[in-house]
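Work through the exercises below with the sequence and the structure at hand. Each task is followed by a solution in steps.

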Amino acid sequence: MDTDKQAAARGLIDIEAYLYQEAHLGAARRRLAEFIARADDFSPAQKDELERWYLDEQRYVARMVTDHIAGSVGAAEEMHRVRLGRWLRGTLVGMALALVVVIACTALLVGLLT
C-alpha cells in the first residue's frame with residue numbers, strides 16, 4: 001500500500017472515530033437536556049457545572065470506546081497479516097516441492113527413454 005492509500009485509510013479511520021464520538025456526545029446532550037428540563041432544584045450555575053461534567057465524562061467514554069474499537073481492528077488486521085503470511089509461505093513451499101517432483105519425474109522419464 002502506498003503512502004497516499006495509507007493516508008486515505010488513516011483519514012477514514014479518523015473520520016469514523018470523529019463521527020462515532022459526535023453521535024455519542026449528541027445522544028449524551030439530549031439525555032442531559034431531558035434530565036435538566038425535569039430537574040427544578042438546580043440553579044443555573046449547577047446546571048452548567050453538571051452539563052460540563054457530564055459532557056466531559058461522556059467525551060472520555062467515547063474516546064475510550066473509540067480507542068478500544070481501533071485497537072480491536074488493529075489486532076484483527078495484524079492477525080490477518082500473520083495468517084496471510086503463513087499461507088503464502090505454505091504455498092511457496094508447496095509450489096517448490098511440486099516443482100522438484102516435476103523436475104525429478106522429468107529427469108526419470110528422460111533417463112528411461114534414452
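**Exercise 1.** In this predicted model, find the nonpolar surface patch that includes Leu19, and state its accessible area.

Solution. Step 1: the patch consists of Leu12, Ile15, Tyr18 and Leu19. Step 2: taken together, these residues have about 440 Å² of accessible area. Step 3: Leu19 belongs to helix α1, which spans residues 3-38. Step 4: the relative accessible area of Leu19 is 52%, and exposed means over 50%, so Leu19 counts as exposed.

**Exercise 2.** Which residues make up the largest nonpolar core, and which elements give two or more of them?

Solution. Step 1: the core has five residues, namely Ala28, Leu32, Ile36, Tyr54 and Leu55. Step 2: two or more residues come from each of α1 and α2 (44-113). Step 3: the most are given by α1, with three residues. Step 4: apart from neighbours within four places in sequence, Tyr54 is in contact with Ala28, Arg31 and Leu32. Two of these contacts, Ala28 and Leu32, are also listed in the core. As background, nonpolar side chains tend to be buried together in soluble globular proteins.

**Exercise 3.** Locate Thr114 and decide whether Thr114 is buried or exposed.

Solution. Step 1: Thr114 is found in the segment after α2. Step 2: the relative accessibility of Thr114 is 81%. Step 3: the cut-off for exposed is over 50%, therefore Thr114 is exposed. Step 4: for its position relative to Val93, Thr114 is 21 residues away in sequence and 32 Å away in space, C-alpha to C-alpha.

Methods:
Residues numbered from 1 in each chain as written. Predicted model: local features only at pLDDT ≥ 70, side-chain atom pairs only at ≥ 80, totals over all residues. Heavy atoms only, no water. Patch = residues over 30% accessible without salt bridge, like charges linked within 9 Å, V, L, I, M, F, W, Y side chains within 5 Å. Areas by Shrake-Rupley, 256 points an atom, 1.4 Å probe, with all protein chains shown as cover. Salt bridge = Lys/Arg side-chain N within 4 Å of Asp/Glu carboxyl O. Helix = DSSP H or I, 4+ residues; strand = E, 2+ residues; numbered from the N terminus. Buried < 20%, exposed > 50% of the residue type's maximum accessible area, 1.4 Å probe, protein only. Core = buried A, V, L, I, M, F, W, Y, C linked by side-chain atoms within 4.5 Å. Contact = heavy atoms within 4.5 Å.
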